[in-house]
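Hi,

Here is the structure I promised to hand over. Have a look at it first, and then read on for what I found.

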Amino acid sequence: MRLLVFALGFGFLLAVPFLTQSIGQPALLTLASRILIYAIAAASLNFILGYGGMVSFGHAAFFGIGAYTVGILFAHHSSAEPLFGLIPGSNQMLITLPAAVLVAGLFAGLIGALSLRTGGVQFIMITLAFAQMLFFFFVSLTPYGAEDGIIIRRTNELFGLNMRDKTVLYYVILAIALVFFLALWRVVNSSFGAVLKGMRQNERRMAAIGFAPYRYKLFAFVLAGMGAGLAGALMANFLRFASPDMMHWTKSGELMIMVILGGVGSFFGPIFGAAAFLILETFLAGWSEHWPLALGLILLVVVMGTKGGISGLFDRFGGRGK
Amino acid sequence: MILILEQLLNGLQFGVMLFLLAAGLTLIFGIMGVINLAHGSLYMVGAYAGTYVATETGSFWLGLPAALGAAALTGFAIEALVVRRLYARDHLDQVLATFALILIFNQLIVLGFGRQPVFTALPSGFGGSVELLPGLPYPTYRLLIIATGLSVALGLYLLINRTRIGMLVRAGATNRDMVRALGVDIRLLYTVVFGLGALLAGLAGYMAGPISAVQVGMGEQILLATFVVVVVGGVGSIKGAFVAGIVLGVVDTMLRAFLPGLLRLVMAPSDADAIGLGVASMGIYLLMALVLLVRPKGLFAAGG
Amino acid sequence: MKKLLTAVGMAALMATGALAEPLKIGVITTLSGPAGYLGADARDGMLLALEMGGGKLGGVEVEFVVEDDGLKPANGRQIAEKYMQNDGIKLLTGIIFSNVAGATVPDIVDNGAIYISPNAGPSTFAGAGCNENYFVVSWQNDALHEAAGAAAKELGYKTAVALAPNYQAGKDAIAGFKRMFGSDVTEIYTQLDQTDFASEMAQIRSAAPEVVFQFHPGGLGIAFLKQYQQAGLLGQIPMVLSEPSTDAVVLGAVGEAAIGITATAHWNRDFDNAANAEFVAAWDAKYARPITYYASQGYDTARLIASALANTGGLDDLDAFREAVRAADFESVRGKFSFGQNQHPVHDWYVLNIVSDGNGGAKAVTDRVILADHGDSYAADCKM
């Protein structure tokens with residue numbers, strides 16, 4: 001049953017380019033691509049937030065770092081001057097994407113190692129603090145456009161595909177998202193995932209039976225940072241642009257809103273959450289200039305009237321209940 | 001020397017402003033466990049309501065009760081209609097709900113007052129400056145803000161340490177389950193605390209009007225710094241909010257004022273500016289990270 | 001949930017519905033947040049021009065499709081794609097902020113559509129990055145501040161303190177000021193979102209320069225001017241400002257705290273030409289709020305489009321339309337107007353004096369030309 005639903009969902013995603021064409025709304029493909037990218041970022045946040053109980057309010061920092069890695073590598077590729085005099089630039093997706101994931105993971109390691117010494121509200125605020133520091137760093141990074149952002153004139157190359165074609169780019173993003181979610185599924189359902197979930201429920205008990213919480217949590221934090229970095233790198237390729245706005249605290253907030261809206265700790269929740277948030281934002285903005293009012297009211301109704309976000313709603317209607 | 005003194009005063013003034021906002025937030029946070037992102041909206045509501053009445057009547061002082069009343073009423077409404085239904089829920093649901101409130105309040109202000117920042121006037125008699133020391137003129141209005149902030153701090157101190165409601169507040173911040181178990185009407189306490197926090201936010205917003213801009217989104221600009229103060233001071237602690245507010249206000253002001261200049265003594269001016277500015281803008285976040293690494297619960301944590 | 005679905009459904013209907021006849025022009029602008037008034041004024045300037053033309057621009061029936069980018073680059077991009085791909089729109093305008101332009105403009109021009117900027121003029125697209133499909137009606141960002149630098153120099157000041165927020169536009173502002181003023185400038189950078197400038201006031205007083213230049217748009221500028229007066233500096237140290245720090249909204253919000261300031265601008269409501277008189281009268285008849293230069297730029301943008309449409313009758317031949325736009329054959333409310341080789345404006349910059357309006361407020365009065373036929377310093381790098 002679950003496999004069938006999954007296959008149907010995936011089939012729908014495959015068909016999106018044709019559907020958007022056939023209803024005469026080709027730009028909806030852009031929206032679909034953005035949803036997929038944000039779904040990756042939100043799912044990586046959900047991994048530590050929903051499964052690990054770590055409420056990170058600085059997750060957009062890793063998203064931004066992933067995007068800037070692509071942007072900076074491209075800048076050095078087009079100027080043909082190596083970064084720091086030794087790292088050559090690149091416009092190959094097979095290089096830039098792993099690089100972005102790696103750099104984001106590195107930063108997540110550093111930030112996580114410090115932040116995880118605290119917990120609760122303090123953890124929320126300290127992750128926010130680090131993200132703000134990175135934001136201000138990129139805002140003052142004049143060689144790469146500072147506040148105005150860095151333009152990536154051409155999307156990265158991959159296997160000689162025509163990446164300027166929006167449909168091709170969509171399928172590339174979809175393929176990467178599929179790989180990401182399969183990997184995430186395995187991690188969540190591995191023994192590591194089980195330990196992580198156990199820690200959220202009772203950290204002391206897990207420590208007592210021999211799992212050092214700090215190490216497990218840090219590892220999860222790094223994985224989540226890498227996921228957000230991947231999403232950021234895709235976003236930079238998709239927008240052909242990276243800017244500090246991507247790591248502003250409101251962006252971290254939006255990711256969190258997507259997770260909560262979709263259902264905290266539900267595997268597919270972030271996909272629903274990202275989709276609901278972006279679709280609402282896009283259509284309401286096209287409907288009225290006072291769209292934030294409508295968006296606010298809808299979000300309020302959703303949070304007051306449902307429990308467990310959109311996936312909670314599905315569960316209830318699906319009769320699967322918790 | 002005079003310059004340092006003046007900057008200290010500036011830091012103090014910024015600090016009491018942060019304290020006015022943080023005091024309510026830390027109580028709401030500590031006692032009710034609610035992460036209220038809409039606290040900045042109360043600041044904005046106070047500023048708009050007070051400024052509107054002040055402009056219509058031509059009196060700054062008539063605007064004051066309007067600001068306090070509007071913010072407190074809005075606070076009561078938020079508590080009764082939204083937050084109260086979410087106490088039993090996950091903190092994250094409160095984050096989402098209060099985020100939605102920010103969107104709603106900002107757009108309601110746009111509908112009611114337009115997008116353009118509104119004019120605010122100084123209270124008569126507070127337009128000039130007084131010479132505190134020879135060569136140190138200081139705006140009287142800023143002295144008024146400092147005095148207001150310090151009196152509010154004193155008032156809160158008395159309220160919390162000398163009254164029955166203060167006792168409940170302290171108890172609630174330390175262990176809210178126990179307070180409930182002892183049969184105290186916790187709902188009334190919650191409403192009172194929320195209203196008080198809203199009132200202080202409205203006061204801060206109205207006081208800030210004449211020196212900054214009264215505009216849509218003004219609350220979000222200062223919200224983050226307020227949360228930093230709350231966490232550095234220790235969640236639930238008024239004393240912590242006061243100390244952290246003043247410290248962060250002074251540190252932020254001093255870094256901005258003197259760091260680039262000091263760095264210029266030891267390195268090239270362009271590097272000094274770049275690094276000095278970078279560190280100054282990260283200042284309060286650096287400080288928070290340092291405090292939390294040394295004291296993970298903040299400076300004056302209000303018990304477990 | 002049901003409510004949510006209905007809302008989405010309604011929105012979708014509205015987005016696909018209207019298959020109307022008029023020529024659609026896509027407007028991407030910032031309407032929400034503190035900077036929302038900039039976008040609203042630019043938009044209303046355009047709509048006013050259309051209304052005065054009886055729903056037509058240059059004899060062609062036109063509809064402006066407007067959407068809020070929320071000051072988010074990704075949203076701007078999304079709206080642009082919707083306009084171009086879903087609605088087949090070939091002419092876009094409206095962006096207020098440089099970072100939204102950075103994410104949006106390359107995609108528009110690469111798709112062969114034409115973009116005419118009513119406000120942002122970042123250096124990225126002014127020099128080597130110029131494009132034949134990209135026009136700027138407002139100004140190149142640096143030029144705003146060059147005018148202030150030239151004015152301060154002409155007034156005979158030798159030393160200056162220059163203040164701006166620590167981000168790209170702020171640094172560009174100070175660089176632009178220095179380019180015309182000279183090098184004896186003490187630079188002070190403030191923080192984004194900073195609303196308390198007490199510390200900077202003390203620094204200005206201790207530096208005791210002959211003149212102060214500061215660039216703080218919108219609400220920040222309002223706070224700065226109020227605090228400058230409260231610190232007792234107004235009247236002690238003269239201030240020369242560029243246009244964004246003294247728009248009509250800023251003047252309205254600070255009142256007499258602005259009196260005595262020297263401002264520079266490319267447009268002011270008292271400009272003595274027929275096009276401007278008509279524009280100001282129409283605006284005042286329709287809107288209760290003060291008229292800003294953003295509105296004048298929106299209005300000019302619409303009138304420029306009208307002049308080109310009058311020539312080509314539509315957008316079927318984009319090459320012809322582009323040529324017609326480049327000719328800039330319209331009566332600008334700022335007087336003289338032509339495009340440089342990078343398709344950014346070449347026009348006059350003026351010195352304005354801020355004086356009392358007699359009701360406790362302040363108004364700007366045009367004094368003299370400070371930079372005549374001024375283009376920008378990037379045009380030479382543009383190979384088109």
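Let me start with chain C: of its 384 residues, 62% count as buried. Here a residue is buried if 20 or more other C-beta atoms lie within 10 Å of its own, exposed if 12 or fewer, and partly exposed in between, with the C-beta atoms placed from the backbone. Before going further, please note that this is a predicted model, in which local features need pLDDT of at least 70 and side-chain atom pairs count only at pLDDT 80 or more, while totals for chains, interfaces and linings use all residues. Residues are numbered from 1 along each chain as its sequence is written, and chains are lettered from A and ligands numbered from 1 in the order in which they are written.

**Chain C overall**

Chain C has 12 helices and 14 strands; these are DSSP runs numbered from the N terminus, helices being H or I with at least four residues and strands E with at least two. Its C-alpha atoms fill a box of roughly 65 × 50 × 40 Å along the principal axes. The radius of gyration of chain C is 21 Å, which agrees with the value near 21 Å for a compact globule of 384 residues. That radius is taken over C-alpha atoms, and the globule rule is 2.2 Å times the number of residues to the power 0.38. Among contacts in chain C between residues at least 6 apart in sequence, 72% join residues at least 24 apart; a contact means that the C-beta atoms, placed from the backbone, lie within 7 Å.

**Its two domains**

The assignment for chain C gives domain 1 (20-139 + 272-339) and domain 2 (142-265 + 348-380), with bounds that come from an automatic or database domain assignment. Taken over C-alpha atoms, the domain centres are separated by 27 Å. Domain 1 puts 14 residues into the contact and domain 2 puts in 15. On the domain 1 side there are 8 nonpolar, 5 polar and 1 charged residues. For these classes, Ala, Val, Leu, Ile, Met, Phe, Trp, Tyr, Cys and Pro count as nonpolar, Asp, Glu, Lys and Arg as charged, and the others, Gly among them, as polar.

**Strand S13 of chain C**

S13(C) runs antiparallel to strand S11 (residues 262-265), joined by 4 bridges, and C:Ala263 has C:Leu352 as its bridge partner. Strand S12 (residues 338-339) is also antiparallel to S13(C), with 2 bridges; there, C:Phe339 stands opposite C:Pro345. S12(C) and S13(C) form a hairpin with 5 residues between them, and C:Gln343 in the turn has a positive phi of about 65°.

Phi of A:Arg240 is near 55°, in the loop between helix H9 (213-239) and strand S2 (241-242) of chain A. A:Arg240 counts as buried because it has 24 C-beta neighbours inside 10 Å. Phi of C:Ala208 is near 45°, in the loop between helix H7 (198-207) and strand S9 (211-214) of chain C. C:Ala208 has 10 such neighbours inside 10 Å, so it counts as exposed.

**Between the chains**

Chain A brings 36 residues into contact with 36 residues of chain C. On the chain A side, the largest share, 7 residues, comes from H11(A), and the residues there divide into 20 nonpolar, 9 polar and 7 charged. Chain B has 32 residues in contact with 30 residues of chain C. H1(B) gives the largest share of the chain B side, 6 residues, and that side divides into 15 nonpolar, 12 polar and 5 charged.

Which residues touch the most other members of the largest nonpolar core? They are B:Val228 and B:Met288, in a core of 366 residues. Such a core is a set of buried Ala, Val, Leu, Ile, Met, Phe, Trp, Tyr and Cys residues joined through C-beta atoms within 7 Å. H2(A) supplies its largest share, 18 residues.

Best wishes

Note on methods. Contact = placed C-beta atoms within 7 Å. Pairing = 2+ DSSP bridges.
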